[in-house]
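Colleague: I am new to this structure and would like to learn how to read it. Could you take me through some of the features, one at a time?

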Amino acid sequence: HIAGGEPLPDPPLDVQRDIVLEHYRAMLSHYGTDAGVRIARKHIGWYSKGLPGSAEFRHAVNQIDDWERVIEAIRVFYDALSERQAG
């Protein structure tokens, strides 16, 4: 795509979920859980932007201070989208 070709399609939602979770865990490892939860919020927002229900998801994630609950919220959001897409 960068060299003038056609844009690549977005990866499947389950792959997107796994990428978000991998990045999130890396941020927690690098910054620690307290700072990592806060710093990762903008990244989670960037990943989810444009997906159905993303505004509500971002708002909810921005209210969560527990890193494990954020992981669960990410899973629930992406898994629900995958199910809707498949259904």
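Predicted model: local features only at pLDDT ≥ 70, side-chain atom pairs only at ≥ 80, totals over all residues.

Colleague: Which residue does Arg-41 meet in a salt bridge?

Modeller: A salt bridge is a side-chain nitrogen of Lys or Arg within 4 Å of a carboxyl oxygen of Asp or Glu. Here the partner of Arg-41 is Asp-65, at 2.9 Å from N to O. Asp-65 itself is exposed, its relative accessible area being 60%.

Colleague: How many salt bridges does the rule give?

Modeller: The count is three. One of them joins Arg-17 and Asp-18, with 3.0 Å between N and O. Another pairs Arg-17 with Asp-79, where the closest N and O atoms are 2.5 Å apart. That pair links distant parts of the chain, since Asp-79 is in helix 4 (residues 67-86) and Arg-17 in helix 1, 62 residues apart. As for cover, Arg-17 is buried at 19%, Asp-18 is partly exposed at 40%, and Asp-79 is partly exposed at 27%.

Colleague: What else does Arg-17 touch, leaving out residues up to four places away in sequence?

Modeller: Contact means heavy atoms within 4.5 Å. On that basis Arg-17 touches Ile-74, Arg-75, Tyr-78 and Asp-79. The C-alpha atoms of Arg-17 and Tyr-78 are 5.9 Å apart in space, although the two residues are 61 apart in sequence.

Colleague: How should I read the helices, and how many are there in the chain?

Modeller: Helices (H or I, at least four residues) and strands (E, at least two) are DSSP runs, numbered from the N terminus. This chain has four helices and zero strands, giving the pattern α-α-α-α along the sequence. Its C-alpha atoms fill a box of roughly 40 × 35 × 20 Å along the principal axes.

Colleague: Where is Val-37 placed, and what does Val-37 touch?

Modeller: Val-37 is in helix 2 and is buried, with 3% relative accessibility. Beyond four places in sequence, Val-37 is in contact with Tyr-24, Leu-28, Ile-64, Asp-65, Trp-67 and Val-70. Val-37 and Trp-67 are 30 residues apart along the chain, yet 5.9 Å separates their C-alpha atoms.

Colleague: And what about Ser-54?

Modeller: Ser-54 sits in helix 3 and is buried, at 7% relative accessible area. Setting aside neighbours within four places in sequence, Ser-54 has contacts with Ser-48, Lys-49 and Phe-77.

Colleague: What share of the chain is made up of buried residues?

Modeller: Of the 87 residues, 32% are buried. For contacts between residues at least 6 apart in sequence, 59% join residues at least 24 apart.

Colleague: How do I read a cavity, and which residues line the largest cavity?

Modeller: Rolling a probe the size of a water molecule over the atoms shows where empty space is left. On a 1 Å grid over the protein atoms alone, a cavity is a set of points where a 1.4 Å probe fits but cannot get out, and lining residues have an atom within 4 Å of a point. Grid points are joined across faces, edges and corners, and a volume is the space filled by probe spheres set on the points. The count here is one cavity of 30 Å³ or more, and the largest cavity holds about 30 Å³ of space. Its lining consists of Val-20, His-23, Tyr-24, Met-27, Ala-40, His-43, Ile-44 and Tyr-47. Helix 1 (13-31) and helix 2 (33-48) each supply at least two residues of that lining.

Notes: Residues numbered from 1 in each chain as written. Heavy atoms only, no water. 1 Å grid on protein atoms, 1.4 Å probe; cavity = no way out; pocket = protein on both sides within 12 Å on 5 of 7 lines; lining within 4 Å. Buried < 20%, exposed > 50% of the residue type's maximum accessible area, 1.4 Å probe, protein only.
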